[in-house]
Amino acid sequence: MGIPFFQMIFIGLLPSVLKVMWYRMRGARIGERVRIAPLAVLLSNDIEIGDDCRIGMLTFIRARKIRLGNRHRSIS
């Protein structure tokens with residue numbers, strides 16, 4: 001399983017706004033004012049993130065389902 005270097009380079013380096021747009025285009029349900037820091041990667045086919053969430057730098061989440069409620073903070 002290791003570190004997802006491919007996703008870090010091609011998705012993780014995108015600015016937060018573009019990264020949120022990328023995940024939404026792939027079907028993720030992402031709330032308002034969500035920030036995803038550089039090199040953070042979410043690996044799942046079912047993603048739901050509430051409003052005002054922050055996902056910190058170098059965060060890797062690999063799961064069948066990802067559910068983060070409103071105002072959740074993920075700090076690496």
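Student: Which residues touch the most other members of the largest nonpolar core?

Tutor: Tyr 23, Ile 36, Leu 42 and Ile 49 do, out of 19 residues in that core. Helix H1 (5–12), helix H2 (16–25), strand E3 (41–43), strand E4 (46–49) and strand E7 (65–68) each supply at least two residues of it. E3 gives the most, with 3 residues.

Student: What makes a set of residues a nonpolar core?

Tutor: The members are buried Ala, Val, Leu, Ile, Met, Phe, Trp, Tyr and Cys residues, joined through side-chain atoms within 4.5 Å. Buried means under 20% relative accessible area, exposed means over 50%, and partly exposed lies in between (1.4 Å probe, protein chains only). The model is predicted: local features need pLDDT of at least 70 and side-chain atom pairs count only at pLDDT 80 or more, while totals for chains, interfaces and linings use all residues. Residues are numbered from 1 along each chain as its sequence is written, and side-chain values use heavy atoms, with hydrogens and water left out.

Student: What are "helix" and "strand" here?

Tutor: They are DSSP runs, numbered from the N terminus: helices are H or I with at least four residues, strands are E with at least two.

Student: How many salt bridges does a search of the whole structure find?

Tutor: It finds 5. The term stands for a side-chain nitrogen of Lys or Arg within 4 Å of a carboxyl oxygen of Asp or Glu.

Student: Why is the contact between Asp 46 and Arg 29 called a salt bridge?

Tutor: Their side chains meet at 3.1 Å, N to O. That is within 4 Å, so the pair qualifies. Asp 46 lies in strand E4 and Arg 29 in strand E1 (residues 29–30), so the pair ties together parts that are 17 residues apart in sequence. Arg 29 has a relative accessible area of 42%, so it is partly exposed.

Student: What does the pair of Asp 52 and Arg 33 tie together?

Tutor: Parts that are 19 residues apart in sequence, because Asp 52 lies in the loop between E4 and strand E5 (54–55) and Arg 33 in the loop between E1 and E2. The N to O value of this salt bridge is 2.6 Å.

Student: Are these two partners buried or exposed?

Tutor: One of each. Asp 52 has a relative accessible area of 18%, under 20%, so it is buried. Arg 33 has 51%, over 50%, so it is exposed. Arg 33 also has a positive phi of about 60°, although it is not a glycine.

Student: How do you know that Glu 48 forms a salt bridge with Arg 67?

Tutor: The closest N and O atoms are 3.6 Å apart, and that value is within 4 Å, so the term applies. Glu 48 lies in strand E4 and Arg 67 in strand E7, so the pair ties together parts that are 19 residues apart in sequence. Glu 48 is partly exposed, at 35%. Arg 67 is partly exposed, at 42%.

Student: What makes a network of Arg 29, Asp 46, Glu 48 and Arg 67?

Tutor: Salt bridges that share partners join them into one.

Student: Which residues form the positive surface patch?

Tutor: Arg 35, Arg 54, Arg 71 and Arg 73. Patches take residues with over 30% relative accessible area and no salt bridge; like charges are joined within 9 Å, and nonpolar side chains (Val, Leu, Ile, Met, Phe, Trp, Tyr) within 5 Å. Lys and Arg count as positive, Asp and Glu as negative, and His and the chain ends are not counted. Arg 35 lies in strand E2 (residues 35–36). Its relative accessible area is 46%, over 30%, so Arg 35 passes the area test.

Student: Which residues make the nonpolar surface patch?

Tutor: Ile 3, Phe 5, Met 57, Leu 58 and Phe 60 make a patch of about 490 Å². Areas come from the Shrake-Rupley method with a 1.4 Å probe. Phe 60 is in strand E6 and is partly exposed, at 34%.

Student: Where is Leu 58?

Tutor: In the loop between E5 and strand E6 (60–62). Leu 58 has a relative accessible area of 44%, so it is partly exposed. Its phi is positive, about 60°, although Leu 58 is not a glycine. The C-alpha atoms of Leu 58 and Leu 39 are separated by 4.9 Å, and the two are 19 residues apart along the chain.

Methods: The place of a charge is taken as NZ of Lys, CZ of Arg, CG of Asp or CD of Glu.
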